[in-house]
Amino acid sequence: MQQSHARTWSVITAVLFGAFGLFLLVGGTELLVLGGSWFYALAGVALLAAAVMGFRRPVMAMRLYAAFLVVATVWSLAEVGFNIWGLEVRLLTLMGLGAWLLLPGVWRTAPNWLADKREVAGALAFSFVVVFASCFASYSIDGTVPADRMAAAVPDLKDGQPAGDWRYYGRNAQGERYSPLGQITPANVAHLKRAWMTRTGDIQQAGEAVVAGPDAGHEFNLELTPIKVGDTLYMCTPHSWVMAMDAATGRIKWKYDPHPAKADLDSNVYLACRGVSYYRIPDEIQTSCRERIYSPVADARIVAVNAQTGQPCEDFGDHGFISMRDYLGNVPLGFHFITSPPLVMKNRLITGGWIFDNQANFEPSGAVRAFDATTGKIAWVWDAGHTPETFTPNPGDMLTRDTPNAWGVYTADPELGLVYLGTGNAPPDNWGGSRRPFDDAISSATVALDIVSGERRWLYQTVHHDLWDMDIPSGPSMVDLPGPDGTTIPALVQSTKRGEFFVLDRRTGQTVPGYPVVEKPVPTAGHAPDDRVSPTQPYPTAMPSLTPPDLKEADMWGATLLDQMICRIEYRQSAYDGQFTPPHVGRTTIVYPAFYGVVDWQGITIDPARKLLFANSSYLPFRIKLDHRTSLEQEGVLPKWTGQGNEPAAKGNALAISPDYGTPYVAYTNPWLNPLQIPCKGPVWGTITAIDLVSKKIVWQHPVGTTRDTGPFRTHNNIPLPTGMYNIGGSIVTRGGVVFMGATADDYLRAFDVATGDVIWSDRLPAGGQATPMSYESGGRQYVVMAAGGHGGLGTRSGDYIIAYTLDGQQGNSAP
């Protein structure tokens with residue numbers, strides 16, 4: 001009987017080791033042929049040899065595996081040092097096999113368990129000690145803001161609003177995201193509790209949560225930051241409802257549904273509204289609707305409603321509405337909509353819009369338009385393809401098609417009378433062979449326009465001939481910096497998807513002295529033969545960068561040694577020469593950093609008193625492949641289209657297949673995940689960083705977020721590994737010395753100590769918090785508000801929650 005059991009254990013062990021060994025040998029051999037690491041082929045040989053040897057010479061098989069485990073541990077240390085995430089993916093699979101060999105019934109010859117298992121137990125203990133020691137390695141940059149800077153006086157905010165209000169997306173037009181309220185501090189934030197939680201009623205509908213497959217991209221995203229004026233919060237929802245809530249209680253005062261056309265909602269790949277705009281019409285202008293809320297509508301309109309009643313302002317446009325389809329010619333369903341609040345100032349309503357990426361090179365214009373904020377009449381258009389580029393169109397005019405758009409939140413300097421916006425690219429993103437000189441001149445740039453006239457004052461480009469979708473997704477944030485001889489320089493900081501920060505004089509667009517930008521050579525080989533690349537790109541050299549280092553094979557990751565090997569093979573198979581590797585035709589190209597950021601539409605947060613910049617960032621490589629479209633059209637896989645009417649088939653998945661009509665190519669674009677849906681680039685995946693804008697140094701930086709709600713195959717595994725996590729949404733900072741941020745894919749709102757970056761409070765949200773919080777005062781109490789509704793792209797829990805917190809507030813409904 002004992003021999004039978006021993007035989008059974010030997011067969012099971014042989015199958016287990018043989019399967020692992022064969023997989024590693026085949027994959028490892030391919031990796032060797034591609035010029036990669038030798039270790040995986042060696043591992044395959046060792047495991048196969050142990051599997052065979054275990055039948056006749058189990059003691060030698062045990063010793064062989066023990067020796068191999070020691071070699072694997074030493075090799076792992078040589079590749080990644082005491083990096084817990086690097087060691088984990090290399091050693092845990094092998095340690096698991098070693099633990100299997102310690103089972104009493106496996107490969108026994110002597111009656112004494114230790115006599116058989118001594119070598120394996122010793123090797124396993126060695127690996128465990130190495131992995132355990134790596135748990136104490138820090139992934140943070142620890143530092144402290146000096147006491148004098150923490151106590152710096154709040155400057156004149158120059159924003160014309162009460163300290164307790166939050167009247168713009170970033171509290172003021174300057175985009176600082178700074179609250180001058182100081183009631184909540186690091187000393188008392190532990191007492192922060194829910195004061196109220198209100199559900200808007202606008203919830204995700206069937207078909208709006210698809211994050212994979214041919215219909216991917218039809219996302220329901222609550223990316224909202226409410227504004228607060230007086231005693232009322234104003235906001236919008238993903239289905240374009242406009243709402244008002246009592247600031248003290250969360251009670252819904254009014255709700256207005258503009259009834260967008262269902263066809264538009266079904267066609268839009270994103271259902272999102274980041275916020276609304278408030279404006280009081282000047283007293284000298286006659287109107288029956290003086291205080292207004294302007295909100296985007298999903299069918300490419302903007303509505304103006306009475307701030308007190310929620311009813312449309314009849315003297316604005318067509319009974320309260322203006323259409324953003326005007327002057328654009330044919331606009332296929334879903335090709336144009338607005339997700340960001342317009343900039344309203346000096347009786348101008350200024351907005352751009354989102355143009356559906358990567359569908360064609362004859363898409364609607366990306367021109368920026370300004371309207372009379374009272375009447376809705378067109379005031380000016382900034383159209384780079386028109387001469388002159390700023391003009392007032394006549395009825396029937398059509399703006400230049402396929403120009404770069406500006407879809408993010410705009411910022412402004414009211415004193416200078418300038419609005420600042422960030423531009424994208426002329427579609428498509430990854431092939432620029434048909435771009436015109438004016439497209440290349442204004443793409444991926446910060447642009448300053450005169451608010452009243454629309455005249456361009458200056459432009460600063462952050463990427464030349466952008467082939468990677470490195471558009472500017474958020475307007476810059478203003479900050480006054482010390483200049484030479486005690487002067488003050490009115491500056492702005494422009495964040496980028498690259499993780500770079502450009503510091504410019506906001507009057508002129510020139511770099512601020514002491515914050516230089518230099519052109520550096522970048523990869524140029526392998527681009528499409530009918531395209532071109534810029535030989536250099538601009539880099540700010542004085543400011544700290546959040547751009548990740550270029551990838552190398554040793555950076556590849558996964559849940560196990562097996563899927564990590566697959567990532568290493570894919571790395572060797574792909575075109576990659578570092579950042580700015582141009583997209584190749586017929587070969588997959590790694591793009592890192594990719595178009596989801598480092599820093600995306602959330603932009604940055606500025607503390608104007610302490611001269612600090614706060615940025616949360618994400619790190620996830622993507623892969624792109626250009627392919628010839630002719631064969632796909634001949635096979636009927638991709639219908640032909642010339643731009644008339646609506647696109648003839650279901651739109652290409654914006655995150656997978658881009659049809660790029662009018663060009664020689666289609667593009668395949670996806671996040672770089674292995675078969676287990678695990679990123680091929682290991683942690684850290686998300687950080688929050690504080691940068692001193694005067695010393696130009698990182699003060700502190702910490703991973704932010706855990707894997708609690710994200711596992712293999714998008715499972716919610718409830719294992720909160722401190723990997724740092726992908727994040728969508730921004731932060732705010734307060735005079736009290738607290739930074740608040742949701743954004744991470746693990747559904748928490750967190751508070752950080754400004755001085756150290758330490759997490760000093762958190763609350764589990766009932767849904768994903770992929771938005772930027774805000775803070776205001778009501779009844780002598782400081783509130784912090786967070787929208788929690790989830791994000792289809794991240795796959796976080798969906799909902800319709802608006803949650804307010806105060807010190808010792810009444811506890812609201814608890815989150816699951």
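Asn 83 caps the N-terminal end of helix 4, with a side-chain oxygen 2.9 Å from the backbone nitrogen of Trp 85. This is a polar contact (a pair of N or O atoms within 3.5 Å; within protein, one must be able to donate a hydrogen and the other to accept it, and residues adjacent in sequence count only if both atoms are side-chain atoms). The model is predicted, with local features requiring pLDDT of at least 70 and side-chain atom pairs counted only at pLDDT 80 or more, while totals for chains, interfaces and linings use all residues. Residues are numbered from 1 along each chain as its sequence is written, and side-chain values use heavy atoms, with hydrogens and water left out.

Helix 4 covers residues 84-101, which is 18 residues. Helices (H or I, at least four residues) and strands (E, at least two) are DSSP runs numbered from the N terminus. From its first C-alpha to its last, helix 4 reaches 24 Å, close to the 26 Å expected at 1.5 Å a residue; the expected span is 1.5 Å times one less than the number of residues. A kink of about 40° is centred on Leu 91, the bend at a residue being the angle between axes fitted to the seven residues ending there and the seven starting there. Buried means under 20% relative accessible area, exposed over 50%, and partly exposed in between (1.4 Å probe, protein chains only).

Strand 6 (residues 242-246) is also largely enclosed by the rest of the structure, because five of its five residues are buried. Val 242, Ala 244 and Asp 246 point one way from strand 6, and Met 243 and Met 245 the other way. Strand 6 pairs in the antiparallel sense with strand 5 (residues 232-236) over five bridges, where pairing requires that DSSP finds at least two bridges between two strands. Tyr 234 stands opposite Ala 244. Strand 6 also pairs with strand 7 (residues 252-256), in the antiparallel sense and over four bridges; here Met 245 stands opposite Ile 252. Each hairpin has five residues between its strands, with a positive phi near 75° at Ser 240 in the hairpin of strands 5 and 6 and near 80° at Gly 250 in that of strands 6 and 7.

An open, antiparallel sheet is formed by five strands in the order 14-15-17-18-19. Strand 14 (343-345) and strand 19 (390-391) stand at the edges with a single partner strand each, so one side of each is left without a neighbour in the sheet. Within this sheet, strand 17 (residues 368-372) and strand 18 (residues 378-382) pair over four bridges, and Val 368 has Trp 382 as its bridge partner.

The structure holds three disulfides, each a pair of cysteine sulfur atoms within 2.5 Å. One joins Cys 236 to Cys 273 (S to S 2.0 Å). Cys 236 lies in strand 5 and Cys 273 in the loop between strand 8 (270-271) and strand 9 (277-280), so the pair ties together parts that are 37 residues apart in sequence. Another disulfide joins Cys 289 to Cys 313 (S to S 1.9 Å), and both of these cysteines are buried. Cys 567 and Cys 680 are also joined (S to S 2.0 Å), through a left-handed link with -70° about the S-S bond.
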